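My entries follow in the order in which I made them.

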Amino acid sequence: MRSVISLCVFLALGLWARCYNFDDVFVHGLNKQGMFVRGYIYFADGDCYSRMERVRMIMQHPFTVIHHQDFENYPQGVDSHATAPFDYLIVSMAFVLKLFLAHSKWDYVEIAGAWVSPLLGMAMIVFLWDWSRRLKLPYRELMLLVAALSPILIHGTVLGRPDHQSLQMLCVVVALGAEWCFSQKPSRAWGIASGAAWGMGLWVSLYEPLVLLVLTAVLYLLFDRRKLWARERLAGGIVFAAMIALMLLIDGLPFSPPDKLLLEYFPRWEQNIGELKPAGVLGPLIWAGYGLL
């Protein structure tokens, strides 16, 4: 009972922190008489509007997979690095919200986009709570407090930021948690969880998850290579291979070399992206929520 109460406390803290910008995201449209006419949602980054345009295109043409975006950098367009899993996660939320908000003064598609990342942040806290409870880790409350209030995690899962980083972070957290458990005691269940999480993480983004997967494999090779090829990992390996096969079949390899025009406009574009701005001397410490201390 005490553990469940602590989970509720950390979820409340995490949700409160991720909704600090509520008034900036949800803006009430009022007429001249001051009456509520329509609600407007403003997203945190410019990239979010691109993501939501992809979502609307899929809702108009279900089961579409978008590789090239004509609406961005018109008329040339861009080959986007965005992939299908996060698009369809928002689409699924929108279809559910449509059942309740079809006649609302708020756009149910934009509400889905605004809330998808905070919900993924809450899922991350739930996983860490259950994972640390199973392992009976010391100082687990401190870990959950950092997960709930760390500024860098809040930025990745903040309200009004439908960015694939939120899904990517959840996949990486589950994958690393599964690898921790597998390194302690190999089991088929944790092997499958690891394979599924790594596979989905790589499908969402071939950047950070790939770096962490390679680092994890190197650590196994250096310290306990038998666990890397353990029999219990076979089922997880099959799941991982199936996820990568789906990625290649549906999205292809989400990478294309930058062209001349992209290189010309990139310096101005990156100024609008929060995680690409200079962090300063104390930036890493501040963004980690002083958790490094």
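**Notebook: cores and helix packing**

I began with methionine 59, which touches Val91, Ala94, Phe95, Tyr108 and Val109 when residues up to four places away in sequence are not counted. I note at the outset that the model is predicted.

*Entry on the cores.* I then looked up the largest nonpolar core, which has 48 residues. Which of its residues touch the most other members? I found Phe26, Ile41, Met59, Ile90, Val109, Ala114 and Leu128. Two or more residues come from each of helix H1 (2–18), helix H3 (46–60), helix H4 (84–101), helix H5 (108–135), helix H6 (140–149), helix H8 (165–184) and H9. H5 gives the most to this core, with 14 residues. Apart from it I recorded another core, of 5 residues, including Leu202, Trp203, Met243 and Met247.

*Entry on glutamate 110.* I located this residue in helix H5.

*Entry on H8 and H9.* I read that the axes of H8 and H9 come within 8 Å and cross at roughly 150°. Angles over 145 degrees count as roughly antiparallel, so I described H8 and H9 in that way. H8 passes H9 in a left-handed crossing. On the H8 side I noted, among others, Leu167, Cys171, Val174, Glu179 and Phe182; those they meet in H9 include Trp190, Ala193, Ala197, Trp198 and Val204. By class, I recorded 14 nonpolar, 4 polar and 1 charged residues for the contact of H8 with H9.

*Entry on H9 and H12.* How do helix H9 (residues 188–204) and helix H12 (residues 234–250) pack? I found an angle of about 20°, with the axes 7 Å apart. H9 passes H12 in a right-handed crossing. The residues making the contact include Arg188, Ile192, Leu202 and Trp203 of H9 and Val239, Phe240, Met243 and Met247 of H12. I recorded the classes here as 14 nonpolar, 4 polar and 1 charged.

How values were computed. Residues are numbered from 1 along each chain as its sequence is written. This is a predicted model: local features need pLDDT of at least 70, side-chain atom pairs count only at pLDDT 80 or more; totals for chains, interfaces and linings use all residues. Side-chain values use heavy atoms; hydrogens and water are left out. Axes are lines fitted to C-alpha atoms, for helices over the stretch in contact, and angles run from 0 to 180 degrees between N-to-C directions. Helices (H or I, at least four residues) and strands (E, at least two) are DSSP runs, numbered from the N terminus. A crossing is left-handed if the near helix is turned anticlockwise from the far one by less than a right angle, and right-handed if clockwise. Contact means heavy atoms within 4.5 Å. Ala, Val, Leu, Ile, Met, Phe, Trp, Tyr, Cys and Pro count as nonpolar, Asp, Glu, Lys and Arg as charged, and the others, Gly among them, as polar. A nonpolar core is a set of buried Ala, Val, Leu, Ile, Met, Phe, Trp, Tyr and Cys residues joined through side-chain atoms within 4.5 Å. Buried means under 20% relative accessible area, exposed over 50%, partly exposed in between (1.4 Å probe, protein chains only). Angles under 35 degrees count as roughly parallel, over 145 as roughly antiparallel, 65 to 115 as roughly perpendicular and the rest as oblique.
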